[in-house]
Amino acid sequence: MRLSGQDYDEIDVSLAAHDAFLRARYPGEQAGRQPVHTVYVPADRLGDFRDWGAIALRTMDENDFPWPDPAVRAKLEREPIEDLRVDFEDGYGVRDDDQEDSAVRKAAAILAAGPTPPFLGIRIKSLEAATRRRSLRTLDLFLDSYQSLFTVTLPKVSGPDQVKAMVTLCEKLERSYGLSAGALTFEIQIELPSAVLAADGTATVARLITAAGGRCTGLHYGTYDYSAAAGVAAAYQSMEHPAADYAKAVMQAAAAQTGVRLCDGSTNILPVGGAAQVREAWELHRRLVRRSLERGYYQGWDLHPAQLPTRFAATYEFFRDGRDAAVTRLHRYLDRQESGIADEPATARALAGYLLRGLDCGALDDAGFPRAELTALS
């Protein structure tokens, strides 16, 4: 051997800054449960969100839901909404200040009366010039009216400067309301091509995560705003359009191992109308949810109570279908058994994470391993 201890030390020193960067930038997957969906409810219609489970069950019964599952029914009775977002943006529209102020106060009162879903937040208007001041006012007023922590969704982000401004805003509000540093977090909505690819050819979305300084918890894809901005005709705007797949692949690469979670968009084909229309919309939604899951997007938007049955049916099916194979592969990996698949440590982490997600969402009662062991492996 020709290398000395000094040689080793010199390499360690030369890479120390990069080692620190990797630890800060890529800490790994965010710990804890990720909701399988986010439900967007316009602020002026928030009073009905606690009825979504009952509406979903009634729609299933009236239209002979084709994928019956007692666990899905139990989920709709117990916890129909996992992540609620009170919408002050597109779903709410532009109102005069008095109207929106009143809507903010009323929404806060409805939430404070409880109960609320396990995950909660608001979507403010964008930080574009036309809506910026209203956006700031709504967030400030909501914080003044609602005392529990929540997530903020920042829509139509077009560049890092808007994210930096959001960080500055969070810091000011934390000081003003006596919150601990870093208490306010936000999700970034990717609804514009400029949020994926910058004018200089760089991947904007990676720079957005950097600009957030650790406050960004998620990237949410906006199906219809993005598609329209990319020039896709309305009839062909979809979660599975090639333009959508490209944007989401870039988002996935940028967010990998950063702790920032991914959320797919929505389909606006709703299960309403006659039985045939409801069935067709259910089949589409179920297929799109499964498609997202297979591509590593474990969360998506739901816009209507009747979408909840297919959200949970497709999600439960996805985890149940792969449960036995995942358990077998993980056992073989841990026992160093020969098999037809040469799994590596990264795959073992993915297998454990998959089984944990199945437990968290209620699809699995038995994941083949104790939760503590899966958590350690993942």
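**Helix α5 and other sites**

Mentor: In α5, the buried residues are Arg134, Ser135, Thr138, Leu139, Leu141, Phe142, Leu143 and Ser145. Keep in mind that this is a predicted model. Helix α5 covers residues 132-145, 14 residues in total. From first C-alpha to last, α5 reaches 20 Å, close to the 20 Å expected at 1.5 Å a residue.

Now take Ile188, in strand β5 (residues 185-190). Ile188 counts as buried because its relative accessibility is 0%, and buried means under 20%. Setting aside neighbours within four places in sequence, Ile188 is in contact with Leu154, Val157, Val163, Leu208, Cys216, Gly218, Leu219 and His220. Pro155 lies 33 residues from Ile188 along the chain, yet their C-alpha atoms are separated by 6.4 Å.

Next, helix α10, residues 275-294. Its 20 residues should span 28 Å at 1.5 Å a residue; the end C-alpha atoms are 29 Å apart, which agrees. Its buried residues are Val278, Ala281, Trp282, His285, Leu288, Val289, Arg291, Ser292 and Leu293. They pack against α2 (52-62), α9 (242-255), β8 (300-302) and α11 (308-334). Just after α10, Gly296 takes a positive phi of about 90°.

Gln34 sits between α1 (5-25) and β1 (37-42). Is Gln34 buried or exposed? Gln34 is buried, because its relative accessible area is 10%, below the 20% cut-off. Its side chain has two polar partners to note. One is the backbone oxygen of Leu262, at 3.2 Å. Another is the side chain of Arg357, in a polar contact of 2.8 Å. Beyond neighbours within four places in sequence, Gln34 is in contact with Glu82, Arg261, Leu262, Tyr298, Gln299 and Arg357.

Finish at the surface. Met1 is in the segment before α1. Met1 counts as exposed, because its relative accessibility is 91% and the cut-off is over 50%. Together with Leu3 and Tyr8, Met1 forms a nonpolar surface patch, with about 430 Å² of accessible area.

How values were computed
Residues numbered from 1 in each chain as written. Predicted model: local features only at pLDDT ≥ 70, side-chain atom pairs only at ≥ 80, totals over all residues. Heavy atoms only, no water. Helix = DSSP H or I, 4+ residues; strand = E, 2+ residues; numbered from the N terminus. Expected span 1.5 Å × (residues − 1). Buried < 20%, exposed > 50% of the residue type's maximum accessible area, 1.4 Å probe, protein only. Contact = heavy atoms within 4.5 Å. Polar contact = N/O pair within 3.5 Å; in protein donor to acceptor, adjacent residues only side chain to side chain. Patch = residues over 30% accessible without salt bridge, like charges linked within 9 Å, V, L, I, M, F, W, Y side chains within 5 Å. Areas by Shrake-Rupley, 256 points an atom, 1.4 Å probe, with all protein chains shown as cover. Salt bridge = Lys/Arg side-chain N within 4 Å of Asp/Glu carboxyl O.
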